[in-house]
Amino acid sequence: MLQCREDVLTFTKQLVNIESVVNTKGEKLIAQSLFNMISSLPYFSENPSQLVLEQTLNDDQERYNVLAFVKGTKGNSNRTVILMGHIDTVGIDDFNQLKDKACFPEKLMESLKSEQLPASAKEHLDSGDWLFGRGVLDMKSGVASNLYLLNYYSLHPEELDGNIVLLSECDEEDSSHGVLSALKTLKRWKKEHGFDYVAAINADFVSPRYEGDENRYIYKGTVGKLLPSFFITGAETHVGSAFEGLDPNFIAAELTRQINYNPELCNEAFGETTVPPVSLKQTDLKPSYTVQTALSAYVYYNFFIHSWSPKDVLDKLKEQAYIAFNNALTSFEERYKQYSAMSGEPFMQPAWKPRVFTYEEMEQLLQEENGDIFTTHMNEFKEKLSTNTSLDTRMFAARVVEAAWKWMKDKNPAIILFYSSLYSPRIELTGKTPDELALITALDEAVEEIQPHYQHPIVTRNFFPYISDMSFVALSDDEAGINAETNNNPSWGTKLFVDYQDIRDINVPVINIGPYGLDAHKKLERMEMTYSLEVVPNLTNLVIQKLLNH
């Protein structure tokens, strides 16, 4: 067992002390600081070309990744393990009056002693085995573990029959510019140094799955995340003549009732089930108050997947949208009849029918109807709209759909289904390839060796349950699945672009061995030091040894 606790703790505090909130200058600062830390190691003073500080590509922000590698001297193997971890954090505004202490664990913990805390947090604070602060859990202690192992093998390359690569990437908490840019470097090193990437080990945090859960989880592969979005058009009317039009908010409400928390939309694979979709935004697109009903509404949902592809999700949600639309029209008609009976006014049978298009279907229809003039107009519209920095990718996509809808000849109410954000691909690790099987075997053996030295159960599961950069080092989706995502994302090529060929070229099986703790992204973010500073580095090291020195 490596005696690593104090070293990993020191690295953790050094990293936590640097405020590196995503989309701020702190991302640049921490990358430079980490680069300087690694540069000072004797190995990298002698091998400076094996360490790079590289700016992200196609990014509005100036920020950097840090990548480094150690070449083992035990043999001539090109087998290479990638150690991954992100160096950005979420914001610190939730710390309120303790904001100035958020990145200084000792000062923060001293101040927390005089705060009213939940019983578990107070117990952890008093225990001496928990560290509080922004980034201690998510995920600078994980990066510190990787940094420790890089340093260790830089001092002992003779223990390594192969190579390890450190990837410390920025922008994980927003748009993954960091890992997507780093793929280019990994590909270059693969060509220049003959690296055979056999595994990637991510060091993102893990937490209990439910109250009272004492397990510490290791994950093989990761959940995928999509943001299915719906542009909903109605029939405008004056509110004084309510039943002469159809309020798109009415349809949107029915759509959310149909999709939100719907167990039919949970994706089970290998005995593990995703949480159901939940709406993240629901609004109409009226710019200001008027007594006219809205012309359109917009709603999008978080959607996790284990085995479904983006195409599968579109198919399932198109069906759900038809159900919701039909339910909305049925309810509208029933209420209209009831109102007519009460008021004595005549009932006029509504002529609307449920209509649901994917964005790709609508775009194809408009291209057939209008030809190149439509395509040219939309390309120019997107380029101009992309200069509006107040629009995030989700609202940008909605405005593109809104602009395309104006070209529709039949403007009866409809629902347009599309994706409006970055797809974080799912990864299944099943043992179907020699590299996958070797990684699973190495992990199982490592856990078996470490477990007697740690009091809580270390349990392996199939899908990391949070969004992470693990999604961008391998692909489980086929081309049709990926095309369904790109062809139905109005932001694609303007606001969003992922070079999926880069991912296919790396395509390395990935697991997550990361720090354990509670309340990531919250004021009481904290990590358990024994597991995070001792078990995690030793587990990771055993997997490396079994993969490279087998």
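Is Glu449 buried, partly exposed or exposed? Glu449 counts as partly exposed, at 41% relative accessibility. The model described here is predicted. A search of the whole structure finds 37 salt bridges, and the largest nonpolar core has 155 residues. The points below take up charged pairs, nonpolar cores and backbone geometry in turn.

**Salt bridges**

- Side chains of opposite charge can pair when their charged atoms come close.
- Glu449 meets Lys546 in a salt bridge, with an N to O distance of 2.6 Å. The pair links distant parts of the chain, since Lys546 is in helix H16 and Glu449 in helix H13 (residues 434-450), 97 residues apart. Lys546 is partly exposed, with a relative accessible area of 21%.
- Glu534 and Arg5 also form a salt bridge through their side chains (2.8 Å, N to O). Glu534 has a relative accessible area of 27% and is partly exposed.
- Within helix H7 (residues 177-193), Glu192 and Arg188 are four residues apart, so about one helical turn separates them. Their side chains meet in a salt bridge at 3.8 Å, N to O. Arg188 counts as partly exposed, at 33% relative accessibility.
- A network of salt bridges links Lys184, Lys187, Asp499, Asp502 and Asp505.

**Nonpolar cores**

- In soluble globular proteins, nonpolar side chains tend to be buried together.
- In the largest nonpolar core, of 155 residues, those with the most contacts inside it are Ile38, Phe230, Leu539, Val543 and Ile544.
- Leaving aside residues up to four places away in sequence, Leu539 touches Ile218, Ala446, Val447, Ile450, Ile458, Ile513 and Tyr531.
- Another core, of 26 residues, lies apart from the largest one; Leu385, Ala404, Ala414 and Phe418 are among its members.

**Backbone geometry**

- Most residues other than glycine have a negative phi, and most peptide bonds are trans.
- The peptide bond from Asp138 to Met139 is cis, with omega near -15 degrees. Met139 belongs to helix H6 (residues 136-155).
- Asn96, although not a glycine, has a positive phi of about 55 degrees. Asn96 sits in the loop between strand S3 (79-86) and helix H4 (105-112).
- Asp519 is not a glycine either, yet has a positive phi of about 60 degrees. The loop that holds Asp519 runs between strand S18 (517-518) and strand S19 (526-528). At 26% relative accessibility, Asp519 is partly exposed.

Key: Residues numbered from 1 in each chain as written. Predicted model: local features only at pLDDT ≥ 70, side-chain atom pairs only at ≥ 80, totals over all residues. Heavy atoms only, no water. Salt bridge = Lys/Arg side-chain N within 4 Å of Asp/Glu carboxyl O. Buried < 20%, exposed > 50% of the residue type's maximum accessible area, 1.4 Å probe, protein only. Helix = DSSP H or I, 4+ residues; strand = E, 2+ residues; numbered from the N terminus. Core = buried A, V, L, I, M, F, W, Y, C linked by side-chain atoms within 4.5 Å. Contact = heavy atoms within 4.5 Å.
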